[in-house]
Amino acid sequence: MTWISARWKICLLLFPGLVFFTGFIVWPVLYAAWVSLTDFAGFGQAHFVGLHNYLMLFTTDPFFWRAVVNTFIILVVGVGILVPASFALALLLRQRIAGAGALRALAFGPAIVAPILVGLIWVFILDPRIGLLNRVLEAVGLPGAQWIGGNTLTPYAIALVFIWSSIGFAMTIFYAGLQLQPHDVTEASQIDGATAWQRIRYITIPMMRETFAIVTILLVTNVMKIFELVYMLTGGGPVHRSETLVSYMYFVTFTNQKYGPGMAIAIIVFLLGAVISGGYLTLMRRGRGE
Amino acid sequence: MTTISGFENGLGRQVAPPRRSPLTPRTRPGRARRSLWAAGIAAYIVIFLIVLPLLWIVLLSFQPSDRILGNPWSLNTLTIDNYTRAIKQLPLVRMYANTILIALVSVTVGAVVSFMASFALTRMVFRRPRLQSALRVYVLAGLAVPVYVLLFPVYRIDLTLGVFGTYLSVILPYIAVSIPFNTLLLTGFLREFPAELEEAAIIDGAGLWRLCRAIVLPVMRPVIATILIFNVVYVFNEFPFVSILINNPQLATVSLAVSRFQGQYSVDYGGMMAAATLVLVPQLAIYAMLQRQVIAGLTAGAVKG
């Protein structure tokens, strides 16, 4: 391949991609990091203030902590339910059920609906007054609840919507992993008299440890990106009680125009994302034996 | 338990049971059939619950708004008035045209520049091989950057470049955001695919352009389809960037238009649901047609990594 590798050809091929990547990804991250260390007001001279913006977030901003707690609730409830539920669904849809292929396609459906539209759809499920959920609850004689717009339940409601939109996606990855499992081990255990539950518990799950890790990390990454749901369901309210980290970053930066603190939250989100992705990459490396 | 031991010969090799297809479950037939029935019913219930919210939206879209507040279940009040109103109010053609234009340009340019870079990063011979792998790691590190960090900086860059509020204001970041993922899949493919065919073509006198067009691109068609689908779905569904960078309603994409439904329709819930259905149905129809490719495209990062 040396014949086609003149230096100018290499540069020509690399140049446009690297320009876009550096200009719109790398430079923005550096710029955000710099702004997070200043009192930049959008115009005029910015002054270096060190870690002041970070300290203020941690010490004096109750909304920031609320956003951290909400994100954590969505993470624990959403991912905690999604991983076992989507694995169970993959096992279920692997049975020889009539129309299993079509059912798998339907389950994946929510994953391609635009997040902003998912938010709008769920307003009409979760809204305390006009939503489907409270109507169904009242029809069977149970009390309704203020799923969104109240003081406490919104993060749980957002976790529910997140579960709805991700279960087919997670199920598909588990399903692909199950298809790769060698049949001989499970068959051998079947011959030895293992029950279906024992086969899943002691053979399938241990053999799919890597798939479990991949699904978990992907879902955690996706939780960190939940923004449109908050935007449509509550707008972060009442008084920032239902913000996630990124929705609060959006509010601080673009509505309040506090660029320093806004970028400090953005950098925190970035660092969390980097840690998660780092874990993901090491895992994939180990999986391929690199 | 069934008498499994009878199916094994002395060497421990398994022998097919007589007059039974290998697909038949080896537990008691009656019990197996019953548990398969139970699994089937459970599966259908779960999938029904997943589809339910979408059905609810479609039902509401055919109800007059006062019915939605009162009794939305009755089926004899169904009407298509909501749709006539929604179509009149909604610049459907405009918002689809905007989205398609933005998607077409950003996805094409993103794929082309990623392919060029990926080819150089895997096939060309650098004088310093260290530099080559370092550049690949540099680009792939972009996978770890959440787009939310980029919003404000890109807004400033767009102002500086004088493209704020135009199509280019979102096209440029969309191209950039697609590069790390594209490079991951393209370099992953090229590294595993042997270069012999390409070497033969070069010996036969093919230049770089002919080599890529006639030899490399044809074998890469499936990966390229995967990245195109992934990127098109991303651009169609993207909201944070457009919400900040596009302020002219004339340039609004589908996502941006949907975000304004609540303000636009206020308490005209029927109209809002009709508008939502008009966005939802084409998307689901395209998904139904390209189901296999779409699922492969959206899970490629997880499955192939």
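In which loop of chain A is Q257(A) found? Q257(A) is found in the loop between α12 and α13 (259-288) of chain A, where helices (H or I, at least four residues) and strands (E, at least two) are DSSP runs numbered from the N terminus. The structure is a predicted model, in which local features need pLDDT of at least 70, side-chain atom pairs count only at pLDDT 80 or more, and totals for chains, interfaces and linings use all residues. Residues are numbered from 1 along each chain as its sequence is written, and chains are lettered from A and ligands numbered from 1 in the order in which they are written.

Chain A contains 13 helices and 0 strands. Its C-alpha trace spans about 75 × 75 × 30 Å along the principal axes. Of the 290 residues in chain A, 43% are buried. A residue is termed buried if 20 or more other C-beta atoms lie within 10 Å of its own, exposed if 12 or fewer, and partly exposed in between, with C-beta atoms placed from the backbone. Two residues are in contact if their C-beta atoms, likewise placed from the backbone, lie within 7 Å. Among the contacts in chain A with a separation of 6 or more, 67% are accounted for by residues 24 or more positions apart.

For Q257(A), phi is near 55°, a positive value in a residue other than glycine. Q257(A) is exposed because 11 other C-beta atoms lie within 10 Å. For H240(A), phi is near 60°, again a positive value in a residue other than glycine. H240(A) lies in the loop between α11 and α12 of chain A, and this residue counts as buried because it has 20 C-beta neighbours inside 10 Å. P238(A) is also placed in the loop between α11 (228-233) and α12 (245-255) of chain A. The peptide bond from G237(A) to P238(A) is cis, with omega near -5°.

The largest nonpolar core has 158 residues. A nonpolar core is a set of buried Ala, Val, Leu, Ile, Met, Phe, Trp, Tyr and Cys residues joined through C-beta atoms within 7 Å. The members that touch the most other members are L117(A), I158(A), M249(A), A266(A), V269(A), V149(B) and A276(B). Helix α7 (residues 154-179) of chain A gives the most to this core, with 15 residues. Apart from neighbours within four places in sequence, I158(A) is in contact with I74(A), I226(A), L229(A), V230(A) and L233(A).

Between the chains, 79 residues of chain A are in contact with 75 residues of chain B. On the side of chain A that touches chain B, helix α1 (residues 7-35) of chain A gives the most, with 15 residues. That side of chain A has 62 nonpolar, 13 polar and 4 charged residues. In this classification Ala, Val, Leu, Ile, Met, Phe, Trp, Tyr, Cys and Pro count as nonpolar, Asp, Glu, Lys and Arg as charged, and the others, Gly among them, as polar.

The axes of α1(A) and helix α7 (residues 167-192) of chain B come within 8 Å and cross at roughly 105°, so α1(A) is roughly perpendicular to α7(B). Axes are lines fitted to C-alpha atoms, for helices over the stretch in contact, and angles run from 0 to 180 degrees between N-to-C directions. Angles under 35 degrees count as roughly parallel, over 145 as roughly antiparallel, 65 to 115 as roughly perpendicular and the rest as oblique. G17(A), F20(A), F21(A), F24(A) and I25(A) in α1(A) meet L172(B), P173(B), I175(B), A176(B) and I179(B) in α7(B). This contact has 9 nonpolar, 1 polar and no charged residues.

Helix α5 (residues 115-126) of chain A packs against helix α14 (residues 269-289) of chain B at an angle of about 135°, with the axes 11 Å apart, so α5(A) is oblique to α14(B). The crossing of these helices is left-handed; a crossing is left-handed if the near helix is turned anticlockwise from the far one by less than a right angle, and right-handed if clockwise. L117(A), L120(A) and I121(A) of α5(A) make the contact with A276(B), V279(B) and L280(B) of α14(B). The residues of this contact divide into 6 nonpolar, no polar and no charged.
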